[in-house]
Amino acid sequence: MNDHPVLARIRLNPYSREVQRDLRDATQMHKTVMRMVPDDLGDSPRHQAGLLYRVDENDTTSTLLVQAAHLDPARLLAGYGHADIKSLGPMFTALRKGLGVRYRIVLNPAKRARLPLDAKGQRGRVVPLSGPDADQWWLRRATDAGLQLHVLTPTNLPAAGTRKREEHGIRHSLVRYDGTATVTDPDALREAVLAGIGRGKPYGAGMLSLAPATAA
């Protein structure tokens, strides 16, 4: 089978009712992308599959990017979208220290609130970060992931969650970062691409996309 994970690029059909539903409900989108991975993966199927995804939208099209060890886009509902699939092996092979890259990632920047000393043993709630605090969070995570950032351009996205009123789960704040960077640690970067970065992975966060930087 595949020695490296694969990436499916799915151009979504805007007239599909299922696509319209999924774009409004991240829980449903997660269920849809999980259809593409093998069955019987145990108690943590997303983690076992190495599945990460992101939705890239512009004024005219919506594209679903899905990364996993094995993917079968044929398991999507008929009419959902047109899929192209490729191995990430060539990208991993090209990674080297000093390589200039362009990147894109959607993140859920957050921190756990500190509790008073008398609350020993308890965990504070997760607090979303925004603005310069979110930028600094991504800068630290990128450094740990083997990237020296040169440009980080944030775009605030709608919060991800479910539309069902009876479900009161956490809504994940999302920020997309685009920019350029230099590879400082290819091994750490490979692991970051495979595992994803930060929280909110079932909600379309954490997937790091890389491409060679183009000359100015």
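Helices (H or I, at least four residues) and strands (E, at least two) are DSSP runs, numbered from the N terminus. By that count the chain has 6 helices and 10 strands. This is a predicted model, in which local features need pLDDT of at least 70, side-chain atom pairs count only at pLDDT 80 or more, and totals for chains, interfaces and linings use all residues. Residues are numbered from 1 along each chain as its sequence is written, and side-chain values use heavy atoms, with hydrogens and water left out.

Start with the whole chain. There are 216 residues, and 40% of them are buried. Buried means under 20% relative accessible area, exposed means over 50%, and partly exposed lies in between (1.4 Å probe, protein chains only). The accessible surface is about 12800 Å². Carbon and sulfur atoms hold 49% of that surface. These areas come from the Shrake-Rupley method with a 1.4 Å probe; for residues, only the protein chains shown count as cover. Now take contacts, meaning heavy atoms within 4.5 Å. Among contacts between residues at least 6 apart in sequence, 73% join residues at least 24 apart.

Next come the sheets. Strands of a sheet pair through backbone hydrogen bonds, either parallel or antiparallel. Here two strands pair if DSSP finds at least two bridges between them.

Strand β1 (residues 6–12) joins β4 in the antiparallel sense over 7 bridges. Ala8 has Ile85 in β4 as its bridge partner. Strands β2 and β3 are also antiparallel, over 6 bridges. A hairpin links β2 to β3 through 4 residues. Across that pair, Asp56 has Thr63 in β3 as its bridge partner.

Is Thr63 buried or exposed? Thr63 counts as buried, because its relative accessibility is 15%. Thr63 is part of strand β3. Leaving aside residues up to four places away in sequence, Thr63 touches Arg9, Ile10, Arg54, Val55 and Asp56.

Move to another open sheet. Its 4 strands follow the order β8-β9-β5-β10, and the pairing is antiparallel. At the edges stand β8 (147–160) and β10. Each of these has a single partner strand, so one side of each lacks a neighbour in the sheet. Neighbouring strands of this sheet are turned by 15° against each other on average, direction ignored. Helix α6 (residues 186–195) packs on the sheet, touching β8, β9 and β10. The direction of α6 makes about 130° with that of β10.

Strand β5 has partners on both flanks of that order. With β10 (residues 208–212), β5 pairs in the antiparallel sense over 5 bridges. Arg104 has Ser209 in β10 as its bridge partner. Ile105 has Leu208 in β10 as its bridge partner.

Between β9 and α6 runs a loop that holds Thr184. Thr184 is partly exposed, with a relative accessible area of 35%. Thr184 touches Lys97, Gly146, Leu147 and Gln148, not counting residues up to four places away in sequence. Thr184 and Gly100 are 84 residues apart in sequence. In space they are 9.8 Å apart, C-alpha to C-alpha.

Finish with the rings. Rings of Phe, Tyr and Trp (its six-membered ring) pair if their centres lie within 6.5 Å; planes under 30 degrees apart count as stacked, over 60 as edge-to-face and the rest as tilted. The whole structure has 2 aromatic pairs. Tyr103, Trp138 and Tyr177 form one aromatic cluster. A charge sits over a ring if NZ of Lys or CZ of Arg is within 6 Å of the ring centre and within 35 degrees of the ring normal. The charged end of Arg190 sits over the ring of Phe92, 5.0 Å from its centre.

Notes. Axes are lines fitted to C-alpha atoms, for helices over the stretch in contact, and angles run from 0 to 180 degrees between N-to-C directions.
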